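I set out to look up selected features of one structure and to note each in turn. The sequence and the structure come first.

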Amino acid sequence: MLHNQIKRDIKQCYENLGIQLDNFIPRRAQNYLVAEIAKTLAGEYHAKHRMLVAEAGTGIGKSLSYLLGGIPFALFNNKKVLISTATVALQEQLIHKDLPLFNQIFPKEFSFILAKGRQRYCCAHKLEASCVTGSDQQVSLWEEKPKKSDLELLKRMHKALESQKWDGDKDSWPTAVPDRVWQQIVADKHSCNAGMPKHRSCPFSKAREHLEKADVIIANHALLMADIELGGGIILPEPEQTIYLIDEAHHLPQVARDFSSAAASLKGAANWLEKLNQSTGKLAEMADYQKAGRFQSALNEAISHLIPALRQISAQIDPALFNKDGILRFEHGELPSWLEEEAKGCKEASKKAAKSLGKIHDLIAERVKENEISPRLGDQALAESGFYLQRLENLEKVWLLMAQPNKDKGAPLARWIEKSPDREGDYIIEVSPLEVGHRLDQLLWSRAAGSVLVSATLRALNQFDYFCRQAGIFEKEATRFLALASPFDYQNNARLVIPAMPLEPQAQQFTNLLIKTLPEYLEGEKASLVLFSSYWQMNQVADALKPLMKKNRWELLVQGEESRSLTLKKHKENCEKGKTSVLFGTGSFSEGLDLPGELLTNLIITKIPFAVPTSPVEEAHAEYIESRGGNPFLQISVPEASKKLIQSVGRLLRKEQDSGRVVLLDRRIINRRYGKALLDSLPPFKRVIEYP
């Protein structure tokens, strides 16, 4: 049961909210969501499985809801709160707006902090070593010879860190840091740890100290997955002591899939293995030959197997088998027998290499701690061995997954080879799971003290089933599900127009039809957004309509021609000056784009956003469903299109007083069997269906 003190705290928050915010009007849906979150976390619906999945429409105020329902419960029960998001924009909103407000209205003190992964911080020692003139060890770790500008940048960063004008966070450096530079100084788990004297005051160690003291932690889905893949409680608090508030939850399954995937190049790996082979004697010497000799021998033996094996695999691949996109996918995840045998050998060799180098690395660390070798030499050796150890662990993961036999139950792994876009004649071996639900359930949901998953779009075709399969929510009867409609007046403030289009989007002449039709639906509208299915089609239409736009004095802003922020800034300035402004965008403009009021009154969607299964993972997933007698189009494509279409139309009304229209130039929504389900899943717009 929910403790009376928690109820009083939540009630006090509401009263204080009315004082803090002018014209604050309590919303029934928001109040209900707060109460359901608190009751779920208190175990009123299920004592052990404390999980709520809520689709909360735009305008409900979901972030304030989960703060009100989650933080009072967590603090009363001495639990940590972990808020995980998919986008930087939402993290910034929470850090700079929502949590400071909640801190003012909550009757008790609490602290909050933004958490970042180790890879966002530099290693102070690596940075110092990289600035040492003539440091051969450091230069040897660059894939290409560093530019003069790279070395100058490192010196400026070192000076700023030393003078405490920079905290070592990549995101707080005033300019973009090239990846090739950052990789030389990034903190890593092998060479950067608080047990080493030089690393006790490293930027990441300092950040971790603050993290451990905070009551509420804001992270992204990638960091959450990184932590639970390590076992949980390594970077973030332990799952058993944590209340998880997962916002933008519809992104989590894809992030989880990415984290369970692995990739490595063949020639690229052979090249760095050769460099490692040349360094093993030096590293073994630093670790003490007497103790490290057998590990060096095992490491050299494993490398002597891997290098020729990787080159042999590369030589045996038939270039004629690749498709036009440079991809060779293995149907049903089944490798040809020759590659299956090579994969087994590479798995054992990479495992042996990683284990052996790990032992050498640990021996060096021990000698540094015992002052048997100088910290300067020891730290250089640790940086080098840590660099190669990370690469070996990735290589081991790739070949472990490639060699893993398909299971009798469940989906197989997607396995494919891709021509390297960066290195001519090289190939990339890639592996990915098709379904990650069981992994999420095992590592997170079954261990968490409580979980709240929210998003404006979680349902597909008005059902939670598709999301539950993706996210591993198998305890459906024990899980609390809510679908809360937006408070907006869709019937009176917006209409959905389906024009009488003579062609469907798959027709060859559809792009020409768009060029002819769009001006009619842009005429008389001051602020328009047109969403396209592809960059190619968007650019074709834009090029064709630019003369007309210029003639009508309409300003056309096309995604990709300038940065997203500058494009949106220009659009806002046009609207404020009363100019006609037209935005052209693709799928990424259908989510996370906030143009309230007069900034958007006319939204045009050129087609239902069906994703073409062109990626190896999507193709493999469709193949798996077909093998089980299913229909990939109805089981994957239609539910995904439903979610994306809801997200797209959600760009129009952002506040209760907003108004406008959505124009969908795709007749399939009314003349195909699946169209009715798609239409019925949209907000209750006033519908205007035009007929020839």
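The entries below record what I looked up.

**Entry 1. Basis.** I worked from a predicted model, in which local features need pLDDT of at least 70 and side-chain atom pairs count only at pLDDT 80 or more, while totals for chains, interfaces and linings use all residues. Residues are numbered from 1 along each chain as its sequence is written, and side-chain values use heavy atoms, with hydrogens and water left out.

**Entry 2. Nonpolar cores.** I looked up the nonpolar cores, each a set of buried Ala, Val, Leu, Ile, Met, Phe, Trp, Tyr and Cys residues joined through side-chain atoms within 4.5 Å. Buried stands for under 20% relative accessible area, exposed for over 50%, and partly exposed for values in between (1.4 Å probe, protein chains only). The largest core holds 57 residues, of which L273, L276, I364, L392, W399 and M402 touch the most other members. At least two residues of this core come from each of β6 (262-265), α12 (266-287), α13 (289-316), α14 (337-369), α15 (375-403) and β9. Helices (H or I, at least four residues) and strands (E, at least two) are DSSP runs, numbered from the N terminus. In soluble globular proteins, nonpolar side chains tend to be buried together.

I then listed the contacts of W399, contact being heavy atoms within 4.5 Å. Not counting residues up to four places away in sequence, W399 touches L266, L310, I313, A343, C346, K347, S350 and I429.

**Entry 3. Helix α16.** Which residues of α16 (437-445) are buried? I found G437, L440, L443, L444 and W445. Viewed down the axis of α16, these buried residues fall within an arc of 150°, so they line one face of the helix. The arc is that of the directions from the helix axis to the C-beta atoms. The buried residues of α16 pack against β1 (51-56), α10 (221-229), β5 (242-246), α11 (252-259), β10 (450-455) and α17 (465-471).

**Entry 4. Salt bridges.** I searched the whole structure and found 35 salt bridges. The criterion is a side-chain nitrogen of Lys or Arg within 4 Å of a carboxyl oxygen of Asp or Glu.

- R439 and E229 meet through their side chains at 3.1 Å, N to O. This pair links distant parts of the chain, with R439 in helix α16 and E229 in helix α10, 210 residues apart. R439 is partly exposed at 34% relative accessibility, and E229 is partly exposed at 26%.
- K116 bridges to D169, with the closest N and O atoms 2.7 Å apart. K116 lies in the loop between β3 (112-114) and α5 (124-130) and D169 in the loop between α7 and α8, so the pair ties together parts that are 53 residues apart in sequence. K116 and D169 are both buried. A network of salt bridges links K116, R120, D169 and D171.
- E36 bridges to K39, with the closest N and O atoms 3.2 Å apart. The two are 3 residues apart in helix α2 (28-41), and so are separated by about one helical turn. E36 is buried at 2% relative accessible area, whereas K39 is partly exposed at 26%.

**Entry 5. Positive phi.** Most residues other than glycine have a negative phi. I noted Q164, which is not a glycine, with a positive phi of about 60°. Q164 sits in the loop between α7 (148-162) and α8 (179-185) and is exposed, with a relative accessible area of 71%. R553, also not a glycine, has a positive phi of about 60°. R553 sits in the loop between α20 (535-552) and β14 (554-558) and is exposed at 74% relative accessibility.

**Entry 6. Two loop residues.** Is S420 buried or exposed? S420 is buried, with a relative accessible area of 15%, and lies in the loop between β8 (414-419) and β9 (427-432). A polar atom of the S420 side chain lies 3.1 Å from the backbone nitrogen of R423. Leaving aside neighbours within four places in sequence, S420 contacts D426, Y427 and I428.

A214 lies in the loop between α9 (203-213) and β4 (216-220) and is buried at 3% relative accessibility. Not counting residues up to four places away in sequence, A214 touches K80, S111 and I113. I also noted that the C-alpha atoms of A214 and L67 are separated by 15 Å, the residues being 147 apart along the chain.

Technical notes. A polar contact is a pair of N or O atoms within 3.5 Å; within protein, one must be able to donate a hydrogen and the other to accept it, and residues adjacent in sequence count only if both atoms are side-chain atoms.
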